[in-house]
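This report describes how selected parts of one protein chain are arranged. Please keep the sequence and the structure in view while reading.

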Amino acid sequence: MEKLVLNGTLIDRGEASVDIEDRGYQFGDGIYEVVRVYGGRLFTSEMHLKRLYSSAEKLSLHIPYTMEQLTAQLEALVAANQLDTGIVYLQFTRGVAKRKHHFPETSETTFVAYTSEMERPLEKMRKGVKAVLAEDIRWLRCDIKSLNLLGNVLAKQKAVENGAYEAIQHRGETVTEGSSSNVFIVKDGVLLTHPATNLILNGITRQVVFGICGKEGIPFREEPFTVADLRAADEVLMTSTTSEIMPIVDIDGKPVADGTPGAITLKLQQAFDREIHALSAQAVPGAPK
């Protein structure tokens, strides 16, 4: 992907540079989003950008664009890179300033966005994936999609070292979320997931799943559940922008139920496919009419 956006300007990747005293580099003082692209179209971009602005407000970080202006820049970037299926990564930091922990009196926000090709993980979605449990050692503002991801990185590394796709995090006995996903269980036909408190990120695909449940008549509740509940679940699944709706069929080397994706998970996947196909019926922004 040859083009990226740096501070509102579409440029070649080789021309881009960020100062070594940018606070995102030195402090993780910034926020980000990852938006899926299907058929050249941004998927749920409005929901992602609303969360971006919410994260910015919680950190007193200024975004110098309206949502409409930002959307237009992302669409132009996708078009310039001729991206069909993949992601747009966008990041805002507090900008460049002399290295001091407190906020600088003056600084200009640094904005970067780029695209990557990324196919849908259809085979993994069909078969299901393995997960491991990991103690949740992160800070207490997981509702902010910030650049402070070292706890998530360590959990994901544990998953990789154990041949798993995801790490399911828990604080004590309470399951919170995955290292880069939200986690759900199904018990007696009811879908359960941790409430959207400061302990988890309110995932966009998580929110899409709630909408699907309403349309499909699938009972769901936002309430805490335990590691014991997880182990005794009829189905376990995770959701994220890149993994979509992913069945988890093995946790710490033990099968979930019969070790295959469950009926509710499959129903959610089918409905999510319909959401994507509905997007495909729309015109690509900037395409000839």
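## A pair of packed helices

In this predicted model, helix α6 (residues 204-216) packs against helix α8 (residues 263-280) at an angle of about 105°, and their axes are 10 Å apart. Angles of 65 to 115 degrees count as roughly perpendicular, and α6 and α8 are therefore described as roughly perpendicular to each other.

On the α6 side, the contact is made by Thr205, Val208, Val209, Ile212, Cys213, Lys215 and Glu216. Their counterparts in α8 are Lys267, Leu268, Ala271, Phe272, Arg274 and Glu275.

## A buried strand and its partners

Strand β13 (residues 235-240) is mostly covered, with 6 of its 6 residues buried. In a regular strand, side chains alternate between the two faces of the sheet. In β13, Glu235, Leu237 and Thr239 point one way, while Val236, Met238 and Ser240 point the other way.

Strand β10 (residues 182-187) pairs with β13 in the antiparallel sense over 5 bridges, and Val183 stands opposite Met238. Strand β14 (residues 244-251) also pairs with β13 in the antiparallel sense, over 5 bridges. Here Met246 is the bridge partner of Met238. Between β13 and β14 lie 3 residues, and the two strands form a hairpin.

## An open sheet of six strands

Elsewhere in the chain, 6 strands form an open sheet with antiparallel pairing, in the order β2-β1-β6-β5-β3-β4. The strands β2 (9-12) and β4 (41-42) stand at the edges with a single partner each, so one side of each has no neighbour in the sheet. Strand β1 (residues 3-6) is joined to β2 by 4 bridges, and the two run antiparallel. Within this pair, Leu4 stands opposite Ile11.

Helix α3 packs on the sheet and touches β1, β2, β3, β4, β5 and β6. The direction of α3 makes about 40° with that of β6.

## Two nonpolar cores

The largest nonpolar core has 23 residues, of which Ile31, Leu52, Leu70, Leu90, Phe92 and Phe111 touch the most other members. Two or more residues each come from β3 (30-38), α2 (45-58), α3 (67-80), β5 (86-93) and β6 (110-117). The largest share, 4 residues, comes from α3.

Leaving aside residues up to four places away in sequence, the contacts of Phe111 include Val5, Leu6, Tyr65, Leu70, Leu90 and Phe92. A second, separate core contains 20 residues, among them Leu133, Phe225, Ala233 and Val236.

Note on methods:
Residues are numbered from 1 along each chain as its sequence is written. This is a predicted model: local features need pLDDT of at least 70, side-chain atom pairs count only at pLDDT 80 or more; totals for chains, interfaces and linings use all residues. Side-chain values use heavy atoms; hydrogens and water are left out. A nonpolar core is a set of buried Ala, Val, Leu, Ile, Met, Phe, Trp, Tyr and Cys residues joined through side-chain atoms within 4.5 Å. Buried means under 20% relative accessible area, exposed over 50%, partly exposed in between (1.4 Å probe, protein chains only). Contact means heavy atoms within 4.5 Å. Two strands pair if DSSP finds at least two bridges between them. Axes are lines fitted to C-alpha atoms, for helices over the stretch in contact, and angles run from 0 to 180 degrees between N-to-C directions. Angles under 35 degrees count as roughly parallel, over 145 as roughly antiparallel, 65 to 115 as roughly perpendicular and the rest as oblique.
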